[in-house]
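Please read the following points alongside the sequence and the coordinates. They concern the architecture of the chain and the packing of selected residues.

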Amino acid sequence: MSSTVTIRDVAAAAGVGISTVSRVVHRHPSVAQELRERVETAMRELGYEPDASAQSMRMRATHQIACAIRDSSIPEFAAFVRAAEAVIRQAEYTLLLTNIDESSEQERDLARMLGRRRVDGLMMTRSADGDKRVDEALTKLGIPVVYIDRDASPIADTVVIDHRHGIRAAVHHLAALGHSRIAFLTGRPTMRPARERLLAFEEAMAERGLPIDPRLVSAQSFYAEQAFQHASLVLTSEPRPSAIIAGGMSLLPAVLRAARMHNLQIGKDVSVIAGCNSDLAELSVPPVTAIRWDVPAWGRICAQLLLDRISAPPESAGGREIILPTELVIRDSCGSLVRYPDRSTG
């Protein structure tokens, strides 16, 4: 029946003009609630379905939102996407998901592709904050953009995680247990999460009066295989570190794998803190101390921020930043050197 019902039929059934039906279909805020309900009731009873392609042509909108992230196979990113999609679906938008790794070239290609698809908004991570070529490609899109844990800019809002607080808490926790030789792994500092974590590590070590051995610090990659190689290097350095902080969502598996390969017991031979809470951290034996933030809230806030920007006046600028707090969840992966002063490796 929907293929034969027209907007005129809906208007006649609801006792309103065609223009009122059109405003209801397009969610125009000027329609009174009573009229909106009458029109929506008539649409349901008649089985009327607006022509999505025609709407897109008239409104220059597709009701599609793109989400481009580094790696959707990471469980925490998957949770982020699920939460964001629920908000987007509620607003009757469709979510398009793609992976862009850590490549500015892929980000520029994505911008060109999205320009052809004419999406209404974009949520994304960035491989390098401030890459001018990517900035230019995104500006040409002419759509609202929300960055996922990246620096805000004139062209984009952002929802960031307070990694600095989390890493500082991790270092102070280890120092209170007597650890002084602490290794630290994270990604490339061109990305905000790695940069904030590295700065926090350096600050907290200085506050505790602890020296940093450059051989124990690796800020090179969030990729699992490269992280495993770096974790193996730091765990076999002499003297061996008594603790290691895995400063990234995807780094804990690499650290646990490296420790197992070198027959090191977590909490006894080496203490471990994960840079992001996860099922793996909670279910490992022993369970791993981890930095936690509300991942579903992160996704929901990013999605709502983007929807707000889509409905905002065209002249409204980017640059808004929302910060989500972190906390250190203490579990059993960190042994105390205070109780065992004769232990050299934790």
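1. Strand β3 and strand β4 (residues 145-148) are paired in the parallel sense, with three bridges between them. Two strands are said to pair if DSSP finds at least two bridges between them. Helices (H or I, at least four residues) and strands (E, at least two) are DSSP runs, numbered from the N terminus. Within this pairing, V146 of β4 is the bridge partner of M123, and Y147 of β4 stands opposite M124.

2. The model is predicted: local features need pLDDT of at least 70, side-chain atom pairs count only at pLDDT 80 or more, and totals for chains, interfaces and linings use all residues. Residues are numbered from 1 along each chain as its sequence is written, and side-chain values use heavy atoms, with hydrogens and water left out.

3. On its other pairing, β3 runs parallel to strand β1 (residues 64-69), to which four bridges join it. Here M123 of β3 is the bridge partner of C67. Along β3 (residues 121-124), G121 and M123 point one way, L122 and M124 point the other way, and all are buried. Buried means under 20% relative accessible area, exposed over 50%, and partly exposed in between (1.4 Å probe, protein chains only).

4. Axes are lines fitted to C-alpha atoms, for helices over the stretch in contact, and angles run from 0 to 180 degrees between N-to-C directions. Contact means heavy atoms within 4.5 Å.

5. Which residues touch the most other members of the largest nonpolar core? They are M123, I148, I245 and W298, in a core of 49 residues. A nonpolar core is a set of buried Ala, Val, Leu, Ile, Met, Phe, Trp, Tyr and Cys residues joined through side-chain atoms within 4.5 Å. Leaving out residues up to four places away in sequence, M123 touches A66, C67, A68, A84, I88, L95, V146, I148, C302, A303 and L306. A second, separate core has 28 residues, including A183, L185, L216 and A259.

6. F77 lies in helix α5 (residues 75-90). Its relative accessibility is 4%, so F77 counts as buried. Apart from residues up to four places away in sequence, F77 touches I69, R70, D71, S72, T125, I148, M249 and W298.

7. S104 is part of helix α6 (residues 104-117). S104 counts as buried because its relative accessibility is 18%. With neighbours within four places in sequence set aside, S104 is in contact with S127, D131, R133 and V134.

8. Another open sheet of six strands has mixed pairing and the order β7-β6-β8-β9-β10-β12. Its edge strands are β7 (217-219) and β12 (327-329), each of which pairs on one side only. Strand β9 (residues 271-274) and strand β10 (residues 289-292) run parallel and are joined by two bridges, with A274 opposite A290 of β10. Helix α9 (residues 192-207) packs on this sheet, touching β6 (182-186), β7 and β8 (243-247), and its direction makes about 165° with that of β6. Helix α10 (residues 224-235) also packs there, touching β6, β7 and β8, at about 170° to the direction of β6.

9. For the chain as a whole, there are 13 helices and 12 strands. Of its 346 residues, 52% count as buried. The C-alpha atoms fill a box of roughly 90 × 40 × 35 Å, taken along the principal axes.
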